[in-house]
Amino acid sequence: MNIQDAQLQVDDWIKKHGVRYFNELTNMAQLTEEVGEVARIIARRYGEQSEKESDKNKDLGEELADVVFVVLCLANQTGINLQDAFEKKLDIKTKRDHDRHQNNQKLK
């Protein structure tokens, strides 16, 4: 599945199950909340914080999927073709960062 297909699937889901999109500010708050959940898992599972018993069964993949879902909602409701935007951004990063990363001694 590509990003454009994912956007269509999310839009279809919203129409069938979600009644309507939450407004953009609500979705931005939801995105922040979901990113926070990802950060909590990463900090405790891979970082230096100890993992709480209540966090041990949290699924990082599921939390990342929540982030993607809300990003797709925001793209849909603001008229962004995320497939095109992502391809453009990848091209920009490829041209801008290739030599910079290849020459970065910290990455070797």
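**Exercise 1. Salt bridges**

Task: How many salt bridges does the structure hold, and which side chains meet in them?

Solution. 
- Start with the count: the structure holds 10 salt bridges. A salt bridge is a side-chain nitrogen of Lys or Arg within 4 Å of a carboxyl oxygen of Asp or Glu.
- Know what is being read. This is a predicted model, in which local features need pLDDT of at least 70, side-chain atom pairs count only at pLDDT 80 or more, and totals for chains, interfaces and linings use all residues. Residues are numbered from 1 along each chain as its sequence is written, and side-chain values use heavy atoms, with hydrogens and water left out.
- Among the salt bridges is Lys15 with Asp11, at 2.7 Å from N to O. Both residues sit in helix H1 (residues 3-18); because they are 4 residues apart, about one helical turn separates them. Helices are DSSP runs of H or I, at least four residues, numbered from the N terminus.
- In general, an α-helix has 3.6 residues a turn, so residues three or four places apart point the same way.
- Now check accessibility. Buried means under 20% relative accessible area, exposed over 50%, and partly exposed in between (1.4 Å probe, protein chains only). Lys15 is exposed at 61%, whereas Asp11 is buried at 19%.
- Another pair is Arg45 and Glu51, at 3.0 Å from N to O. Arg45 is partly exposed at 28%. Glu51 is partly exposed too, at 23%.

**Exercise 2. Helix H4**

Solution. 
- H4 (residues 82-102) has 21 residues, so at 1.5 Å a residue it should span 30 Å; its end C-alpha atoms are 28 Å apart, which agrees. The expected span is 1.5 Å times one less than the number of residues.
- Look at the start of H4. A side-chain oxygen of Asn81 reaches to within 3.0 Å of the backbone nitrogen of Gln83.
- Find the kink. It is about 40 degrees and centred on Arg96. The bend at a residue is the angle between axes fitted to the seven residues ending there and the seven starting there.
- Stay at Arg96. Its salt bridge with Asp97 has the closest N and O atoms 2.8 Å apart. Arg96 is partly exposed at 48%, while Asp97 is buried at 3%.

**Exercise 3. Helix H2 and its buried residues**

Task: Which residues of H2 are buried, and what do they pack against?

Solution. 
- Place the helix: H2 covers residues 24-45. Its 22 residues should span 32 Å at 1.5 Å a residue, and the end C-alpha atoms lie 31 Å apart, which agrees.
- Check the N-terminal end. Asn23 caps it, with a side-chain oxygen 3.0 Å from the backbone nitrogen of Leu25.
- List the buried residues: Asn27, Leu31, Glu34, Val38, Ile41 and Arg44. The buried residues of H2 pack against H3.
- Take Asn27. At 2% relative accessibility, Asn27 is buried. Beyond residues up to four places away in sequence, Asn27 touches Phe22, Val70, Cys73, Leu74 and Gln77. Contact means heavy atoms within 4.5 Å.
- Take Glu34. Glu34 is buried but has no salt bridge; the nearest side chain of opposite charge is Lys58, 9.1 Å away. Lys and Arg count as positive, Asp and Glu as negative; His and the chain ends are not counted.

**Exercise 4. Asn76**

Task: Which side chain makes a polar contact with the side chain of Asn76?

Solution. 
- Locate Asn76: it lies in helix H3 (residues 60-77).
- List its contacts beyond four places in sequence: Gln7, Val10, Asp11 and Tyr21.
- Pick the polar one. The side chain of Tyr21 makes a polar contact with that of Asn76 at 2.9 Å. A polar contact is a pair of N or O atoms within 3.5 Å; within protein, one must be able to donate a hydrogen and the other to accept it, and residues adjacent in sequence count only if both atoms are side-chain atoms.

Terms used:
Helices (H or I, at least four residues) and strands (E, at least two) are DSSP runs, numbered from the N terminus.
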